[in-house]
Structure formats: C-alpha cells, structure tokens
Amino acid sequence: MKTLAWASTLLGLASAAQLQQVSDFGSNPSNVRMYVYKPDNLPANPPLIVAVHWCSGTAQAYYSGSQYANLADQHGFIVVYPESPYSGGCWDVSSDASLTHEGGGDTQGIASMVKYSISEYGVDASRVFVTGTSSGAMMTNVLAATYPDLFQAGSVYAGVPAGCFYTGTVNGWNSTCSGGNSIATPEQWASIVHDMHPGCHGEYPRMYIYHGSEDAVLYPQNYDETIKQWAGVFGYDPDAPIETSPNDPASPYTKSVYGDKLVGALGAGVSHNLPRFEQEDMEWFGIV
Ligand SMILES: *[C@@H]1O[C@H](CO)[C@@H](O)[C@H](O)[C@H]1NC(C)=O
C-alpha cells in the first residue's frame, strides 16, 4: 500500500501542470483564443507544437483527446491549443484576411501565439511545429503557407490544400473543394502558397500529409491535391515518390516519401475519422 501511495503522489506531481488560457498574447484581430500546456519540468528553450482542433472541437477536447500533452511531459515541449472564435468551431481558411500573411485573420492570431511563446516561455524558434485534424488540418496547411518563417514542420490529418477552401468570406464552406473538385497543377497550387506571403524567400516547413481513401467529408482527391501543392513548392514529382512502404506507419496506411520535406500516408478504406499518429509526429518533428 505504501508503494501505491508513493506512486499516486508521484503521478500527482507529474501531472500537476494543466491546460491554461492566456488572454494577452499580441495582435489578435479575429479573437482566436489561446490555451497552453506547459509541463512542470521543461528544458531550457523547449520545442513548441501548435495543435489545431477540428470543427466543433475545442482546445480542451484536443488536449484531453490526444497524446500531445502526455508526450510533452515525457519529452519536454510546450503545446499551444488555439481555439476558434466562431460558433460551430471551424477555422477561417476561406477569407482573404486569414489566407494572407499579417492579413488580419485567424492565422495572424495563431502566429502571435507562436511569437508570444518564443518571447515569454523561451521556446526555441527553430523547433516550432504545427499539427491539426480536419478544419485544423486545413489550417495547418494555411499556416505553413502564410507563416513559413515560424514553423519547421507540419502534420496534416485529413485536410485540404492551402487556398482550396477560398470563398472570400470569413469562416466559409467551399463545397467544390470539400467534394474533391478543386483540381490544379502542382505549379498552380504552389503559386497559391507563394501568394499568401509574397515577400517570403525562405524555406517552407516540411509537411506530412495523412488522409483516408474513404473520406466522405473532405474527399480523398484532397490528399492528391495537397501532395501536388507541397510537391510544387519543393520541386518534387507528385507522381513519382522516391519510396513507398505498405503498413506504414501502420496498417492500412501506405507511406509515400517524395523527398526530405514531403511525406504522405493514405489509409485504405479509412474514413474522415482517422486516428492521429502522435509518435510518428514526434519523429517527423525531430523531437525524438
Ligand atoms: C471554392 O474554391 C475553389 C478553389 O479551390 C474556387 O475556384 C471557387 O471559386 C471557390 N468557391 C467559392 C464559392 O468561392
């Protein structure tokens, strides 16, 4: 019994950190909410993962429903969970404001969270990563396009290419894109990325794209189009992966490596409700 009491004391101590809301974190024109998970025992200059929720999701739901906070305890990094300001809880990935660097939309607020984490928590600016599911996956692509200077890598769980959801309205729904009918060449998709931050001459984040082949919410064509987009940015051939491996990172996914900066994993028969591969994220982000 003594051992048990000790164990629960230790567990209690280990899990003392909690999800916290931060109210003043810089320029935030669309009133995105910031939540942060900071483990108690952090190394100096820890990495940061920005984890972006799905439609109808919340920061709390992503925090308790994913492994990122546990992995943060284990490996010593910070997790920021932005929260959508709109009823319905989707992200604005459709307006000119959000699709533009410093354009006054959700992307600008999330970028402020990253800058705040660097200045206030001492986050290592060369180890900032972004991941998201569904609407959050769309936002991950859009953040990589609008703020390539802030992120080193991203992982995208069932999203659409950056710019694909354009409607010209805030928090719109583009059914041409969701239905898999927005088709473009790698060059066209890449120029959409470049137009989101025209002054950017630096590197774009390394991207890992996950999708299910039976996704009936964001049709699987969006997987091909997203691969085409980043292949266009990096100068890879989207039709000729240099390596393809079945059952990777797990059955029924097939992983395709297009180059150092672009990997895809398509799950055969998998719906929109696909799992996250948090451990694979740790490796892709270079945290482990
Ligand atoms: C939806 O997005 C596509 C690009 O993906 C664009 O061509 C089309 O005009 C958009 N639809 C609306 C209603 O804005």
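How many of the five residues of strand β6 (residues 153-157) are buried? Five of the five are buried, so the strand is mostly covered; buried means under 20% relative accessible area with a 1.4 Å probe, protein chains only. Strands here are DSSP runs (E, at least two residues) and helices are runs of H or I with at least four, numbered from the N terminus.

This is a predicted model, in which local features need pLDDT of at least 70 and side-chain atom pairs count only at pLDDT 80 or more, while totals for chains, interfaces and linings use all residues. Residues are numbered from 1 along each chain, and side-chain values use heavy atoms, without hydrogens and water.

In a regular strand the side chains alternate between the two faces of the sheet. On one side of β6 lie Ala-153, Ser-155 and Tyr-157, on the other Gly-154 and Val-156, and all are buried.

Strand β6 runs parallel to β5 (residues 128-133), joined by five bridges; two strands pair if DSSP finds at least two bridges between them. Val-130 is opposite Gly-154 of β6. Between β5 and β6 the chain passes through helix α5 (residues 135-146) in a right-handed β-α-β crossover (clockwise from the first strand over the helix to the second, with the strands pointing away from the viewer). Strand β7 (residues 206-212) is also parallel to β6, with five bridges, and its Ile-209 faces Val-156.

The ligand is surrounded by Cys-164, Tyr-166, Thr-167, Asn-174 and Ser-182, counted when a heavy atom lies within 4 Å. A ligand oxygen is 2.7 Å from a side-chain N or O atom of Ser-182, a polar contact (N or O atoms within 3.5 Å).

Notes
Buried < 20%, exposed > 50% of the residue type's maximum accessible area, 1.4 Å probe, protein only. Polar contact = N/O pair within 3.5 Å; in protein donor to acceptor, adjacent residues only side chain to side chain.
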